[in-house]
Amino acid sequence: MKAIVLREINSFFGSPIGYLVIAIFLIINGLFLWVFDGDFNILNSGFADLSPFFTLAPWILLFLIPAVTMRSFSDEKKQGTLELLLTKPLSVWQIVSGKFFGAVLLIVLAIVPTVIYVWAIYTLGSPIGNIDMGSTLGSYFGLVFLIAAYCSIGIFTSTLSENQIVAFILSVFICFVFYFGFEGLASLAPSFSSLISALGMQDHFKSMGRGVIDTRDLLYFVSCTVLFLSLTVFKLKSFKL
């Protein structure tokens with residue numbers, strides 16, 4: 001599996017993809033949080049917290065992660081190297097896990113530089129250090145789990161078509177439904193709003209952002225990730241038969 005992870009990382013940074021992903025994520029966040037006037041501008045909000053970043057990041061990742069994962073298996077299918085990959089002395093789970101961790105590592109590297117936002121708010125606060133570190137750390141923790149869930153969805157959709165654009169659109173759609181869709185459905189059924197919201201990622205991500213790590217939130221994200229990775233393995237085994 002380590003060889004697959006290294007292969008994925010090398011492919012990301014051996015081409016402009018890895019650098020573009022990190023640059024795009026940082027530039028978009030930087031512009032909305034510090035330059036453009038609007039609801040996401042931290043300087044205009046008057047509050048020393050990173051909640052605008054954690055509101056904006058899932059939207060950006062909704063498109064960025066599918067752009068990274070769309071080539072995971074669709075490109076292998078298109079080039080005819082999928083069969084060769086499946087004949088290697090690795091289990092299908094190891095191959096999928098290698099692709100998955102390679103994508104997750106790339107996106108995590110993209111969010112690491114945003115730690116400078118924490119330092120900026122820490123120093124700009126009045127008094128200095130007036131920032132809720134518990135909430136901030138919980139939100140970062142939740143963001144990593146959200147990245148893992150998004151990546152597992154993207155890896156799965158890449159097995160459904162050899163066309164990368166199709167894989168990208170399917171991934172964006174499924175991620176959107178899981179993160180925002182259930183919140184929309186909850187507003188249509190007020191009597192069951194809490195139950196429906198609990199089925200979506202947004203509710204659990206916000207819960208972790210309060211600074212309290214609940215095992216139910218962790219279990220939810222782990223379950224979603226394992227579910228889509230299992231579907232990926234099942235799909236690949238159908239090719240192997």
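Student: Which residues does E8 touch, not counting residues up to four places away in sequence?

Tutor: Contact means heavy atoms within 4.5 Å, and by that rule E8 touches G98, K99 and G102, leaving aside residues up to four places away in sequence. This is a predicted model, in which local features need pLDDT of at least 70 and side-chain atom pairs count only at pLDDT 80 or more, while totals for chains, interfaces and linings use all residues. Residues are numbered from 1 along each chain as its sequence is written, and side-chain values use heavy atoms, with hydrogens and water left out.

Student: Does E8 count as buried or exposed?

Tutor: Buried means under 20% relative accessible area, exposed over 50%, and partly exposed in between, with a 1.4 Å probe and protein chains only; E8 counts as buried because its relative accessibility is 4%.

Student: Which residues are buried in helix α8?

Tutor: An α-helix has 3.6 residues a turn, so residues three or four places apart point the same way. Helices are DSSP runs (H or I, at least four residues), numbered from the N terminus, and in α8, residues 115–124, the buried ones are Y117, V118, A120 and I121. Seen down the axis of α8, these fall within an arc of 165°, so they line one face of the helix, the arc being that of the directions from the helix axis to the C-beta atoms.

Student: Which residues are exposed on the other side of α8, and what do its buried residues pack against?

Tutor: I116 and W119 are exposed on that other side, whereas the buried residues of α8 pack against α2 (16–35), α3 (42–45), α4 (51–69) and α9 (133–157).

Notes:
Helices (H or I, at least four residues) and strands (E, at least two) are DSSP runs, numbered from the N terminus.
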